[in-house]
Amino acid sequence: MKIAILSRNKKLYSTRRLVEACEQRGHEPMVVDVLRSYMDIASSKPEVHFNGESLPAFDAIIPRIGASVTFYGTAVLRQFEMMGSFPLNESVAISRSRDKLRSLQLLSRKGIGLPNTGFAHDPGDIPDLIKMAGGTPLVIKLLEGTQGIGVVLAETKKAAESVIEAFMGLKANIMVQEYIKEAGGADIRCFVVGDKVVAAIKRQAQPGEFRSNLHRGGAASLIRITPKERATAVKAAKIMGLNVAGVDLLRSGRGPLVMEVNSSPGLEGIETATGKDVAGLIIEFIEKNGKPHRTRTRGQG
Ligand code: ADP
């Protein structure tokens with residue numbers, strides 16, 4: 001199969017591994033920098049161009065679109081979908097998953113366990129917002145944040161009020177969330193491919209830190225997840241419409257709670273900690289499902 005990997009950098013671990021896995025299985029991979037691709041939208045025959053040349057209609061596209069290029073990246077992916085290429089994750093599902101609040105709303109509608117979360121615009125509503133999150137300590141999150149940046153733990157009511165007020169004053173979109181103390185500074189990353197969790201790791205925050213992001217010095221280790229955790233992760237990816245997803249769970253007293261569903265989960269941490277060939281499993285999924293014109297939405301919606 002002709003497979004395009006939409007990635008800004010060939011040297012990134014995940015991109016390299018996907019190229020390797022394609023080659024090992026006899027496919028033709030091509031890394032395409034989304035920001036260097038451009039589109040002919042007006043003509044009746046959709047095309048994607050790169051360096052003055054028109055790109056072929058690939059059999060499958062593996063989008064590895066960073067949060068900062070979501071808008072442009074999903075537009076390029078949508079163009080490939082219109083050309084009939086099979087997207088590992090659809091543009092619509094990626095856009096959906098990038099909006100943290102919308103994601104939580106979709107998951108809550110289907111009864112997935114979530115930390116209690118509030119969202120408000122007016123500073124006058126802060127006291128009630130704090131109540132919604134179950135009082136302090138609570139977590140304040142910037143909707144646009146990634147890699148743990150913009151996630152704050154407020155221990156007291158006074159601290160919560162002033163941080164929320166400050167963010168609102170800056171016109172930043174924030175959500176206020178129940179702090180899951182039982183998680184003990186750890187979360188679980190479940191790597192979902194199709195309808196299976198193919199690998200899972202626990203990420204433990206450094207002492208004195210509650211954010212377990214590997215970028216914040218968190219340490220990854222192997223973990224056995226429970227059937228309930230497995231089912232929750234698979235269901236969450238399905239609700240978001242993602243074939244491949246990194247579902248982050250918190251272990252709470254009332255069962256697994258979904259914190260986030262990531263549409264471009266990194267391979268380095270998970271492959272290194274588990275020793276599994278996750279890239280190979282992704283390509284295997286494409287081999288089984290990557291038929292042309294199989295996009296559910298064709299980029300619509
Ligand atoms: P980002 O998308 O920036 O990584 P997250 O929402 O994943 O932000 O939060 C970063 C980290 O903070 C998580 O990996 C987790 O360890 C911790 N964390 C986030 N929300 C909560 C919460 N409600 N209760 C306890 N810990 C949390």
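Ser212 is buried, with a relative accessible area of 6%. This residue sits in the loop between strand S13 (196–204) and strand S14 (219–222), and a polar contact of 3.0 Å joins its side chain to that of Asp187. The model described here is predicted.

**Ligand site**

- Domain 2 (117–179) and domain 3 (182–288) both contribute residues to the shell around the ligand, so the ligand lies between them.
- The ligand has 20 residues around it, and those that come nearest are Lys141, Gly148, Glu178, Asn213 and Glu260.
- Three strands each supply at least two residues of this shell: S9 (138–142), S11 (174–178) and S16 (255–262).
- Sorted by class, the shell holds seven nonpolar, seven polar and six charged residues.
- The side chain of Lys141 places an N or O atom 2.7 Å from an oxygen atom of the ligand.
- The side chain of Gln177 has an N or O atom 3.1 Å from a nitrogen atom of the ligand.
- At Phe210 the backbone is involved, with an N or O atom 3.3 Å from an oxygen atom of the ligand.
- The ligand taken alone exposes 550 Å², and the protein buries 96% of that area.

**Helix H9**

- Helix H9 covers residues 278–289, twelve in number.
- From first C-alpha to last, H9 reaches 17 Å, close to the 16 Å expected at 1.5 Å a residue.
- The buried residues of H9 are Val278, Ala279, Gly280, Ile282, Ile283, Phe285 and Ile286.
- In an α-helix there are 3.6 residues a turn, so residues three or four places apart point the same way.
- Ala279, which lies in H9, counts as buried because its relative accessibility is 0%.
- Between Ala279 and Ala237 there are 18 Å from C-alpha to C-alpha, at a sequence separation of 42 residues.

**Backbone geometry**

- Most residues other than glycine have a negative phi, and most peptide bonds are trans.
- The peptide bond joining Thr136 and Pro137 is cis, with omega about -5 degrees.
- Pro137 belongs to the loop between helix H5 (126–132) and S9.
- Asn51 is not a glycine, yet has a positive phi near 50 degrees.
- The position of Asn51 is in the loop between strand S4 (47–50) and strand S5 (53–54), and its relative accessibility of 54% makes it exposed.
- Lys171 is not a glycine either, and its phi is positive at about 65 degrees.
- Lys171 is in the loop between helix H6 (157–169) and S11, and counts as exposed at 73% relative accessibility.

**Loop between H6 and S11**

- Asn173 is also found in the loop between H6 and S11.
- With a relative accessibility of 38%, Asn173 counts as partly exposed.
- The C-alpha atoms of Asn173 and Lys141 are separated by 8.4 Å, while the two residues are 32 residues apart along the chain.
- Lys141 is one of the residues that come nearest to the ligand.

**Loop between S8 and H5**

- Asp122 is in the loop between strand S8 (117–118) and H5.
- Asp122 has a relative accessible area of 42%, and is therefore partly exposed.
- The side chain of Asp122 reaches the backbone nitrogen of Gly124 at a distance of 2.7 Å.
- Asp122 and Met168 are 46 residues apart in sequence, and their C-alpha atoms are 7.8 Å apart in space.

**Strand S7**

- Pro87 is located in strand S7, which spans residues 86–87.
- The relative accessible area of Pro87 is 3%, so this residue is buried.
- Pro87 and Leu35 are 52 residues apart along the chain, and 18 Å separate their C-alpha atoms.

Key:
Residues numbered from 1 in each chain as written. Predicted model: local features only at pLDDT ≥ 70, side-chain atom pairs only at ≥ 80, totals over all residues. Heavy atoms only, no water. Helix = DSSP H or I, 4+ residues; strand = E, 2+ residues; numbered from the N terminus. Expected span 1.5 Å × (residues − 1). Buried < 20%, exposed > 50% of the residue type's maximum accessible area, 1.4 Å probe, protein only. Near = heavy atom within 4 Å. Polar contact = N/O pair within 3.5 Å; in protein donor to acceptor, adjacent residues only side chain to side chain. Areas by Shrake-Rupley, 256 points an atom, 1.4 Å probe, with all protein chains shown as cover. Nonpolar A, V, L, I, M, F, W, Y, C, P; charged D, E, K, R; others polar. Domains from an automatic or database assignment.
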